[in-house]
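The sequence and the model are shown first.

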Amino acid sequence: MAKGNTLQAMLDRAKTGGDTPATPTPIVAPTSSKPAQAGRQGTKLIGGHFAPEVSTQLRILAAEEGTTVQSLLGEALDDLFVKKGKGRVARGV
């Protein structure tokens with residue numbers, strides 16, 4: 001049976017007092033349970049997909065230097081920007 005015919009049959013039954021079609025349940029978008037971190041306001045997430053070894057090496061390097069992965073990524077981006085003649089912008093993020 002075609003979809004339109006099924007819908008029409010339901011509408012016809014509703015008009016004649018037959019079985020009333022069920023009212024659809026409204027879809028509510030989930031809300032985040034975590035509030036936005038104050039330190040992240042005014043920033044944008046930059047991401048990429050890399051081999052698991054890249055993630056491991058980055059975390060090891062951060063631990064060895066007593067810093068964060070984000071700080072190392074900022075340093076790497078600054079080095080890239082300087083190499084490409086764009087100047088430093090990622091430090092202090």
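## Buried face of helix 3

In this predicted model, helix 3 has Leu-72, Gly-74 and Asp-78 as its buried residues. Viewed down the axis of helix 3, these buried residues fall within an arc of 160°, so they line one face of the helix. The cover over the buried residues of helix 3 includes helix 2.

## Length and end of helix 3

Helix 3 has 15 residues, which at 1.5 Å a residue should span 21 Å; the C-alpha atoms at its ends are 21 Å apart, so the two values agree. Gly-85 follows helix 3 and has a positive phi, near 75°.

## Packing of helix 2 on helix 3

Helix 2 covers residues 52-65 and helix 3 covers residues 69-83; they pack at an angle of about 100°, and their axes are 9 Å apart. Helix 2 is therefore roughly perpendicular to helix 3, because angles of 65 to 115 degrees count as such.

On the helix 2 side, the contact is made by Leu-58, Arg-59, Leu-61, Ala-62 and Glu-65. These meet Val-69, Leu-72 and Leu-73 of helix 3. The residues of this contact divide into six nonpolar, no polar and two charged. Leu-72 takes part in the contact and is also one of the buried residues of helix 3.

## The chain as a whole

The chain contains three helices and zero strands, and along the sequence its pattern reads α-α-α. Of the 93 residues in the chain, 5% are buried.

Methods:
Residues are numbered from 1 along each chain as its sequence is written. This is a predicted model: local features need pLDDT of at least 70, side-chain atom pairs count only at pLDDT 80 or more; totals for chains, interfaces and linings use all residues. Side-chain values use heavy atoms; hydrogens and water are left out. Axes are lines fitted to C-alpha atoms, for helices over the stretch in contact, and angles run from 0 to 180 degrees between N-to-C directions. Helices (H or I, at least four residues) and strands (E, at least two) are DSSP runs, numbered from the N terminus. Angles under 35 degrees count as roughly parallel, over 145 as roughly antiparallel, 65 to 115 as roughly perpendicular and the rest as oblique. Contact means heavy atoms within 4.5 Å. Ala, Val, Leu, Ile, Met, Phe, Trp, Tyr, Cys and Pro count as nonpolar, Asp, Glu, Lys and Arg as charged, and the others, Gly among them, as polar. The expected span of a helix is 1.5 Å times one less than its number of residues. Buried means under 20% relative accessible area, exposed over 50%, partly exposed in between (1.4 Å probe, protein chains only). The arc is that of the directions from the helix axis to the C-beta atoms.
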